[in-house]
Amino acid sequence: MLSGKKACRDELIRLALAPDGTVAPDVRAKAPGRGAWIGVDRATLEEAIRKGRLGKALSRAFKTAVSVPADLADQIERALERAALDRLGLEARAGQIVTGTEKIIDTARKGGVALLLHARDAAADGTRKLDQALRVGLDAEGTDLRGLAIPATRAILSMALGRENVVHLALIAPAAAARVNQALGRWRGFIGLDDVT
């Protein structure tokens, strides 16, 4: 709608219309009624809001006057963060996540890591050590294969997983890794960190 690019629904963000005509993010696509889908990053969205293009495009899409909150980009970022962290919490409760450097290294060297994640404030030396174990286990030595940086600190990750001092984590099931990667990809893409490994 704003960029003219096409994308699959999993890469887009749904906006819903409240009864009062206010636009709100619906990143889980659960709100009733008609929605509009956007696939832009935060900077592009903020520019569209500032120039009035988003309001005009949404008024056409919803066939009614709409009110676009000035903090819509903040709302979307918070919603995407919550969705990604909730997904991590669900996978942790399902036993699909390994934490602790030594456990991750052991699992990675055996080829059992489907997705390796690092907190935003993880130390470089610990990250390098785990990335190397991942490459060894996946027979990818000599490549630049590495884990994915999450745009959240260890404190936030620890709260999301209900564990203490989570700096790195590994998803051990491919299906769980795909679900987490999709949620993280939307969040990272929106805030401009779309350099997925």
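Start by selecting Thr64, which is partly exposed, with a relative accessible area of 37% (partly exposed lies between buried, under 20%, and exposed, over 50%, using a 1.4 Å probe and protein chains only). You are looking at a predicted model, where local features need pLDDT of at least 70 and side-chain atom pairs count only at pLDDT 80 or more, while totals for chains, interfaces and linings use all residues. Residues are numbered from 1 along each chain as its sequence is written, and side-chain values use heavy atoms, with hydrogens and water left out.

Thr64 sits in the loop between α2 (53-62) and α3 (helices are DSSP runs of H or I with at least four residues, strands runs of E with at least two, numbered from the N terminus).

Next, pick Arg135 in helix α5 (residues 124-137). Which side chain of opposite charge is nearest to Arg135? Asp131, 5.0 Å away; Arg135 is buried yet has no salt bridge (a Lys or Arg side-chain nitrogen within 4 Å of an Asp or Glu carboxyl oxygen). Show the backbone oxygen of Leu145 too, which the Arg135 side chain reaches at 2.5 Å.

Finish on helix α7 (residues 174-191): its 18 residues reach 25 Å from first C-alpha to last, close to the 26 Å expected at 1.5 Å a residue (1.5 Å times one less than the number of residues). Colour its buried residues, including Trp187 and Phe190.

Key. Lys and Arg count as positive and Asp and Glu as negative; His and the chain ends are not counted. A polar contact is a pair of N or O atoms within 3.5 Å; within protein, one must be able to donate a hydrogen and the other to accept it, and residues adjacent in sequence count only if both atoms are side-chain atoms.
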